[in-house]
Amino acid sequence: MSTIILGIESSCDDTSAAIIKDGILLSNVIASQSVHEEYGGVVPELASRAHQQNIVPVVDTAIKRAGIEKSDLSAIAFTRGPGLLGSLLVGTSFAKGLSLGLRIPIVDVNHLHGHVLSHFIRREPNDIVPEYPFICLLISGGNSQIILVKNYNDMEVLGQTIDDAAGEAFDKCAKVMGLPYPGGPHIDRLAAEGDATRFKFSKPHIPELNYSFSGLKTSFLYTLRDAKKLDPDFIEKNKADLAASLQRTIIEILLDKLKKAVDLTGVKTVAIGGGVSANSGVRQAIADYCASRGLKAFIPERAFTTDNAAMVAIAGYYKYLAGDFCHYDAVPYARITI
Ligand code: KG4
């Protein structure tokens, strides 16, 4: 008999539902929330209200697009954390209610595990997935972690940021440049036309495999502030070079520790995940590094870099196969690491 999992993601500002059948993705529906745009960041209360409006149509569409019936589902996987508590509560409560109605189990998923396991989402039975162990560079708006992935439920954080995440560095520097939120994609677009060697920003000296991005942000801020005193149009005239130089620096910081982690562990496979793994420069740099070292690179489809329920469904699929279900008294958690 087939195993069909409904995945539900509601940890931040995307309401998403996906169906995975025997490891193959049948549908992945995402409703992004535009209500936050005018505030320059996610407003938690507005996010939970939007999730409440979206969850029923999103789940319904995912089931219809998959060409299945509710009664075909084997289990429901939902993101339990980390994330915004009000938002997580919507997905968690919905999963519990539907599972009671259908008399099928629920499986709780750590959102970060989902990002890592997104590389196991297959569209076709012959799609290639990573072999354990591998290293995953998880880079998003809230995390910058180097993770040694030994199994679907056995992951070790080898290093992580001690202050800002890589995505925050993109977003905060973009804000200083007057770009809309989130700034990462705008920097990416501008960087394609700029000279990446034009400006030099400070790089951190942090021990072991940890990251720091707050010094880069400060260095960027001071460069712009000093230059604007001499020429008020400095940012406008140099925005492509600024974006390209900033992106290069972030990539160098990321790759420096990643290379050390690969050398230390001797793994043969490197994967990336999280919102920042959508960045063209990061993707190219990882591909180049892996090619030069004879490593296998797993670079996710852009649709699976940001928050999505397909990754929740695949993480839930492996837990379901292991009989690792969740109780109805499970409550969401705002913070948790791998
Ligand atoms: O994983 P994600 O969707 O959620 C959070 O952890 O919040 O990551 C969002 C982050 C934001 O900081 C955004 O600017 C960044 O991912 N991002 C990018 C790109 N696309 C999204 N950063 C650089 N280049 C991109 N193309």
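The model is predicted, so local features need pLDDT of at least 70 and side-chain atom pairs count only at pLDDT 80 or more, while totals for chains, interfaces and linings use all residues. Residues are numbered from 1 along each chain as its sequence is written, and side-chain values use heavy atoms, with hydrogens and water left out.

Start with the layout. Domain 1 is made of 4-126 + 304-321, and domain 2 covers 134-301; these bounds come from an automatic or database domain assignment. Taken over C-alpha atoms, their centres sit 27 Å apart. Where they touch (heavy atoms within 4.5 Å), domain 1 puts in 15 residues and domain 2 puts in 21.

Now for the area. Together the two domains bury about 1,600 Å², with 71% of it on carbon and sulfur atoms; that is the accessible area (1.4 Å probe) lost on putting the two parts together, summed over both. On the domain 1 side, look at Val116, His119 and Thr305: they lose the most area to domain 2, together 40% of what that side buries.

What about salt bridges? The rule (a side-chain nitrogen of Lys or Arg within 4 Å of a carboxyl oxygen of Asp or Glu) finds one across the interface. Elsewhere on the list of pairs to look up, Glu301 forms a salt bridge with Arg123, their closest N and O atoms being 2.7 Å apart.

Finally, check the helices, which are DSSP runs of H or I, at least four residues, numbered from the N terminus. On the side of domain 1 that touches domain 2, α3 (111-117) and α9 (309-321) each supply at least two residues, and α3 gives the largest share, five residues.
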